[in-house]
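Look at the sequence and the model below.

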Amino acid sequence: MAGLHLEEFRVGSVIRHGLTKTVTESDNMLFSVMTLNPQPLHIDFDFASKSEWGKPLVNSLFTLGLMIGISVHDTTLGTTLANLGMTETTFPAPVFHGDTIRVETEVLSVRESKSKPDRGIVEMEHRAYNQNGVLVARCIRQAMIQKKAA
């Protein structure tokens, strides 16, 4: 698997993920409908046109999921046992249809489990930027990660 084992995470390292995605109207509508979120700022073009933004905003939970999803191949693919939490999640700027999102991940801390010798906890900060380099999302994520097999 492409994911890192606990021993491979280095505090302070920053991973700039190569995968990017241009967010489409379809992405936003499908996610909003699938999650039963009828917020008109996401799905009603007329309503959104009268907002301060003048157009629909991409659902922020889609942005959060995309940000973490983009990071998976380089960080936790096949090595994560559980997400333990996502804290300090912020969306400092909106995402719109047509924005292209790129992500970087910084490793904040790594520690072995106190109760299970085959794993540990990694704390990472994910940051998502649009095509103009504007920070659009950020969160600190705690994940339980496997150690390499002995």
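**Strands and cores**

Threonine 80 stands opposite isoleucine 145, a residue of β6. Strands here (E, at least two residues) and helices (H or I, at least four) are DSSP runs, numbered from the N terminus. This is a predicted model, in which local features need pLDDT of at least 70 and side-chain atom pairs count only at pLDDT 80 or more, while totals for chains, interfaces and linings use all residues. Residues are numbered from 1 along each chain as its sequence is written, and side-chain values use heavy atoms, with hydrogens and water left out.

Strand β3 (residues 80-90) runs antiparallel to β6, and seven bridges join them. Two strands pair if DSSP finds at least two bridges between them. Strand β5 (residues 119-129) is also antiparallel to β6, with eleven bridges; arginine 119 has glutamine 146 in β6 as its bridge partner. The hairpin of β5 and β6 has five residues between the strands, and glycine 133 there takes a positive phi near 80°.

Nine of the twelve residues of β6 are buried, so β6 is largely enclosed by the rest of the structure. Buried means under 20% relative accessible area, exposed over 50%, and partly exposed in between (1.4 Å probe, protein chains only).

A nonpolar core is a set of buried Ala, Val, Leu, Ile, Met, Phe, Trp, Tyr and Cys residues joined through side-chain atoms within 4.5 Å. The largest one has 16 residues, and Val23, Met67, Ile101 and Ala128 have the most contacts inside it. α4 (60-75), β4 (100-112) and β6 (135-146) each give two or more residues to this core, and α4 gives the most, with six. A second, separate core of seven residues includes Leu6, Val122, Ala143 and Ile145.
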